[in-house]
Amino acid sequence: MSTQPPPRPIVRHRSADPLTMEVVELIGDVVARFYADYEDAAASHALTGPQARLLSLLALEPLPMRKLAQRLKCEPSNVTGIVDRLESRGLVERRPDSADRRVKLAAATEEGLRVARDLREGLHFAREPLAGLSTAERSSLRDLLRRMLDA
């Protein structure tokens with residue numbers, strides 16, 4: 001009796017049709033232009049891209065460092081350094097979590113909230129083309145993007 005596993009079936013991937021490939025390329029171009037616009041907006045406030053992204057997250061709600069690392073998809077030690085730099089500028093503060101005093105939350109200060117608002121308002125790439133779409137077109141685009149993310 002053989003102890004070797006049965007051979008794996010050969011999986012052939014269907015090559016994407018030209019329309020799908022064009023959509024993939026366009027999504028890549030949109031993402032690249034959005035990030036470039038985001039980096040420019042961050043630089044106008046003497047922030048790096050990661051600092052601006054972290055500040056934008058904290059403008060929504062205070063978060064524990066571990067959750068920030070998960071959302072930014074980076075190591076917790078990186079988040080600590082980013083929070084340290086933002087804290088030294090008065091944009092972020094650390095505070096105890098009322099639900100668990102052992103956990104420290106990072107939170108945007110009033111100045112941090114102002115800078116995060118300015119960052120959002122400084123993003124022109126996505127806002128200007130979207131303004132040219134009708135409400136129905138924007139709703140359709142939103143729904144399609146949600147479907148892609150949920151797939």
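The model is predicted, so local features need pLDDT of at least 70 and side-chain atom pairs count only at pLDDT 80 or more, while totals for chains, interfaces and linings use all residues. Residues are numbered from 1 along each chain as its sequence is written, and side-chain values use heavy atoms, without hydrogens or water.

Select residues 92–97, strand β2, and residues 100–108, strand β3. Helices (H or I, at least four residues) and strands (E, at least two) are DSSP runs, numbered from the N terminus. β2 and β3 are antiparallel, with six bridges; pairing requires at least two bridges found by DSSP. A hairpin of two residues connects them, and Asp97 has Asp100 as its bridge partner in β3.

Next, go to Val23 in helix α1, residues 18–43. Val23 is partly exposed because its relative accessibility is 39% (buried is under 20%, exposed over 50%, partly exposed in between; 1.4 Å probe, protein chains only).

Finally, select helix α2 (residues 49–60) and helix α5 (residues 110–121), whose axes come within 9 Å and cross at roughly 110 degrees. Axes are lines fitted to C-alpha atoms over the stretch in contact, with angles from 0 to 180 degrees between N-to-C directions. The two helices α2 and α5 are therefore roughly perpendicular (65 to 115 degrees). In contact (heavy atoms within 4.5 Å) are residues including Leu55 in α2 and Leu119 in α5.

Conventions. Angles under 35 degrees count as roughly parallel, over 145 as roughly antiparallel, 65 to 115 as roughly perpendicular and the rest as oblique.
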